Amino acid sequence: MAFSVRVSVILILCYTSMTCAFAEKRVALVIGNSDYADPRLNLENPKNDAADLAAALHELGFDVTERANLKAAAFDNTVAEFADKAKDADIALFFYAGHGLQVYGRSFLM
């Protein structure tokens, strides 16, 4: 796991473990996209980082939805389903590892 990801995960887990006693429903969506249509864009770590975080969140009592290597339509559907699931949650966490880009001030996850 890359250093910055490790630090982020540690901070999230510390915050989560402090608030878990007060939260009844905890949901998380964890997506790791490592494989892309153009093999030159493939990444090694995102799917591993996502799997590590999903396991840690599960240990903390989260209802975790974990996905890897989603194409655009599946990505959109998964996020929409998670948004519905998160409506009545006490804590909802979204984690994405993979390529992203910004075009004219708008950010996109790939």
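D63 is partly exposed, with a relative accessible area of 38%, where buried means under 20%, exposed over 50% and partly exposed in between, for a 1.4 Å probe and protein chains only. This is a predicted model, in which local features need pLDDT of at least 70 and side-chain atom pairs count only at pLDDT 80 or more, while totals for chains, interfaces and linings use all residues. Residues are numbered from 1 along each chain as its sequence is written, and side-chain values use heavy atoms, with hydrogens and water left out.

The side chain of D63 meets that of K85 in a salt bridge at 3.2 Å, N to O, a term that requires a side-chain nitrogen of Lys or Arg within 4 Å of a carboxyl oxygen of Asp or Glu. This pair links distant parts of the chain, since D63 lies in strand β2 (residues 63-68) and K85 in helix α3, 22 residues apart; helices (H or I, at least four residues) and strands (E, at least two) are DSSP runs numbered from the N terminus. K85 is itself partly exposed, at 26%.

The count comes to four salt bridges, and another of them joins K25 to D88, with the closest N and O atoms 2.7 Å apart. K25 sits in the loop between α1 (3-19) and β1 (26-32), and D88 in the loop between α3 (72-86) and β3 (91-97), 63 residues apart. K25 counts as partly exposed because its relative accessibility is 29%, whereas D88, at 54%, is exposed.

D84 forms a salt bridge with K87, the closest N and O atoms being 3.3 Å apart.
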